[in-house]
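This report looks at how the parts of one model meet, within a chain and between chains. Please have the sequence and the structure open while reading.

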Protein chains: 2
Amino acid sequence: MQSFIFHNPTKIIFGNNTSSQLGENAKYLGKKALFIYGRDSIKKSGLYDNVVKQLNDKGIAFVEHGGVKSNPTLEHTRDGVKKVKENNLDCIIAVGGGSVLDEAKAISGAAGSNVDAWDIFTGKETVKAALPIGTILTIPATGSEMNAGMVITNTETKEKLGAGSPHLFPKFSILDPILTYTIPETYTSFSSVDMVSHLTESYFTHNGGWTPIQASYVEGLVKTIIEATARILKNPEDNEARATMMWAGSLAWNGLNTAGVGPFIMACHTLEHPISAVYDIAHGAGLSIVTPSWLKFNLQDKCPRIARFARNVFGVEGKDDKPVAEEGIKKLREWYKSIKSPTTFAEAGINNPDVELLVRLTMKAARMKNIQEELPETMVRQIYKDCL
Amino acid sequence: MQSFIFHNPTKIIFGNNTSSQLGENAKYLGKKALFIYGRDSIKKSGLYDNVVKQLNDKGIAFVEHGGVKSNPTLEHTRDGVKKVKENNLDCIIAVGGGSVLDEAKAISGAAGSNVDAWDIFTGKETVKAALPIGTILTIPATGSEMNAGMVITNTETKEKLGAGSPHLFPKFSILDPILTYTIPETYTSFSSVDMVSHLTESYFTHNGGWTPIQASYVEGLVKTIIEATARILKNPEDNEARATMMWAGSLAWNGLNTAGVGPFIMACHTLEHPISAVYDIAHGAGLSIVTPSWLKFNLQDKCPRIARFARNVFGVEGKDDKPVAEEGIKKLREWYKSIKSPTTFAEAGINNPDVELLVRLTMKAARMKNIQEELPETMVRQIYKDCL
């Protein structure tokens, strides 16, 4: 186990109908909020009216900032920062999935620190202060509701970059499983893929020695997510399964699975980001495309861990690690297929991906993160070609 | 899964030699500290001098409050409160195991809220304010370093009661595995027993439906604790195992295994507290005495859960739950024996326990917590007699 600091101060308010608790929690954040959300789905569901009523009831003024895209853009983020400054807003209420929450953080950090948002992502600037954020989560997947990270896409440069700061933990996040009943099948699946990827990135690549706490934590959550996804796809209103999925999403990326495991790389996320940035597909869909191939090309190096995963998650039996690991990769691909998440570019409707563009963007990000040795260009190209 | 609020703001600073980071963290707590610790072991180890130097270096004045007992007493707590008031102290630095940390919290809550400490435990008063606490943990076991609970013994009435408040989360806790190398074998074992009990109390008794996240979290941690304990008993300076044990202790009782599982009772803890209060044995030793018997007398009712535990923790095989569960109880008892934690009163050197006194104290506590239906007097008496 390696040294670490774990400090996650977000207050989680979890349970059916907890969305009614927004107002009483929001009143401690400020008096003039930016109310940020995505498409019109929250208007159709009644959640929008519910939020507006609670803010009004508590005397919290607000400026709306709707229309966040599912890969949130720098342009829309800059618009949000402008609204915060022009209206002298003092807090942010974010209602939506990971994209909405990520953009809320980017706006909060850029406005609070008085810097251009993109400079935070390229590392030119750091977040020194931020507006307090309260959230209602509607799509569990990214874990953004209980972490300090965010990802934004620069549509001009086609770059999709992540950043973070301890200032950006939401003050509170409301997790109401009932709000997730209407998530379509495809997005339920993509969300599961994303959660599993958050758990396995460090599991496969960390170098922190003997870490049975974190390994069994990951394995338990992955098994649970697989089981809950199957239940939801059978019955989208399975409250127990929706609740389980919602809390699993937060636990999958709130710092616990990586605390103490030592340095690791986000290999599959780094390979995926250019795909969703260029082709605007769901992040989870991109992850199920690249992950089996990444595992295949890292089988030599990561064999014992992949084999452990195969045994403890998929129940693969066998003494020798290599065949067990290979069977594990096969089982993972089969799981993706069973929940209809694509495992090739073609399955995602991308028939002639610009492999060289993807390689270029990946290597640019890899160099920025200084992980080009673990993710060498030759292998990156091989992986993309393997995914055609 | 049930509704819950999870909000654990304690900052964990984990790693070898992190005890040197006390000063830089303590300086944000206050200017005049109560420095609380237990026996002289921290003086022998050099930790005392290290702490004093760091406080001096940061200009933090302090009043000492040493001599905390391993079942911390109300009397000593009241002394601490007096010191805080007389010296107008504004924060607490606690260096020790769970007992020291628990007493620190009791002092913090009583002094901060200006009430008698015991009234917090009997429920007459609640904690409305508290002095900020920073800790260096030296014995991982109770999880007190990352939770808001505490247990104090009233030596006059022989009552050992628990209480808690969100105000009592330590602001930071330093977990330095090297400090735990000198914990004697017996205490290493008792600590493991306590951690496992924290994990299993809710696992066996909650009524929150389908909770695979929490169940697998518990099972993974219990297996890890069993494995790490064996390594430590072979080699007390096994850094990986000591580190694992230290973090496991925090994760075993920081709210995560109980979040969402619904109401549960601390059955074995309630049965144990009178034993250590009356006979002044280690809490863990008392737990290994009562737990197998409590399981035995609850086999009918909790059979599927005990069987799941037997299968997933001890690898017991079999289709029918009952024999599997029975084998699981046997395996648990064997584990206690293998690490030399007593499984009867006699093994703990208590040859003629006053069963009726223990029953009376347990039922008093059970009624206070309103769990007398799940812990009926007849069963309590049977359990104690079974443990002779």
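## Basis

This is a predicted model, in which local features need pLDDT of at least 70 and side-chain atom pairs count only at pLDDT 80 or more, while totals for chains, interfaces and linings use all residues. Residues are numbered from 1 along each chain as its sequence is written, and chains are lettered from A and ligands numbered from 1 in the order in which they are written.

## Domains of chain A

Chain A is assigned domain 1 (11-179) and domain 2 (183-386); such bounds come from an automatic or database domain assignment. Taken over C-alpha atoms, the centres of domain 1 and domain 2 of chain A are 26 Å apart.

Where the domains of chain A meet, 20 residues of domain 1 are in contact with 28 residues of domain 2 (contact: C-beta atoms, placed from the backbone, within 7 Å). On the domain 1 side, β2 (11-14) and β8 (159-164) of chain A are the elements that give two or more residues; helices (H or I, at least four residues) and strands (E, at least two) are DSSP runs, numbered from the N terminus. β8(A) gives the most, with three residues. By type, this side of domain 1 of chain A has nine nonpolar, seven polar and four charged residues (nonpolar: Ala, Val, Leu, Ile, Met, Phe, Trp, Tyr, Cys and Pro; charged: Asp, Glu, Lys and Arg; polar: the others, Gly among them).

## Contact between chains A and B

Between the chains, 33 residues of chain A are in contact with 33 residues of chain B. At least two residues of the chain A side come from each of β1 (4-6), β2, α8 (212-234) and α9 (239-251). The largest share, nine residues, belongs to α8(A). The chain A side is made up of 17 nonpolar, twelve polar and four charged residues.

β2(A) also runs antiparallel to strand β1 (residues 4-6) of chain B, joined by three bridges (strands pair if DSSP finds at least two bridges between them). In this pairing, Ile12(A) stands opposite Phe6(B) in β1(B).

Note on methods: Contact = placed C-beta atoms within 7 Å.
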